[in-house]
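Please open the model in your viewer and keep the sequence panel beside it. The tour moves from the whole chain to single selections.

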Amino acid sequence: MNRYQGITEARKPLELPETATLKSIKSNCRRLLREWHPDRCTENQQVCIEMTRKIIAAHQTIIEEKYSG
């Protein structure tokens, strides 16, 4: 998977447009983590844990690929 594909795939769980700014990336990540965090989520606990992991992984991928070095 190339860099562009990695970022494109990572945008999906964070519900980000292609033109997302660093501010909107952080904002969406925080909002989604509040919604899906296992301590606050009302869905199946396993689903909440998996979504939290996906959100964190997607955020890390975007930050590393787009804003690192």
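What follows is a series of selections, each with a note on what is there.

This is a predicted model, in which local features need pLDDT of at least 70 and side-chain atom pairs count only at pLDDT 80 or more, while totals for chains, interfaces and linings use all residues. Residues are numbered from 1 along each chain as its sequence is written, and side-chain values use heavy atoms, with hydrogens and water left out.

Along the principal axes, the C-alpha atoms fill a box of roughly 35 × 25 × 20 Å. The radius of gyration is 12 Å, which agrees with a compact globule because 69 residues would give a value near 11 Å (taken over C-alpha atoms, with the rule 2.2 Å times the number of residues to the power 0.38).

Next, select residues 3-14, helix α1, and residues 45-67, helix α3, whose axes come within 8 Å and cross at roughly 140° (axes are lines fitted to C-alpha atoms over the stretch in contact, and angles run from 0 to 180 degrees between N-to-C directions). Show side chains for the contact (heavy atoms within 4.5 Å), to which α1 brings R3, G6, I7, A10, R11, P13 and L14, and α3 brings K54, I55, A58, H59, T61, I62, E65 and K66.

Now step to E15, which sits in the loop between α1 and α2 (22-36); its phi is near 55°, a positive value in a residue other than glycine.

Finally, select I7, R11, L16, P17, A20, I25, I62 and K66, which line the largest cavity (on a 1 Å grid over the protein atoms alone, a set of points where a 1.4 Å probe fits but cannot get out, with lining residues having an atom within 4 Å of a point). The elements giving two or more residues to this lining are α1 and α3.

Key: Helices (H or I, at least four residues) and strands (E, at least two) are DSSP runs, numbered from the N terminus. On a 1 Å grid over the protein atoms alone, a cavity is a set of points where a 1.4 Å probe fits but cannot get out, and a pocket is an open set with protein on both sides within 12 Å along at least five of seven lines; lining residues have an atom within 4 Å of a point.
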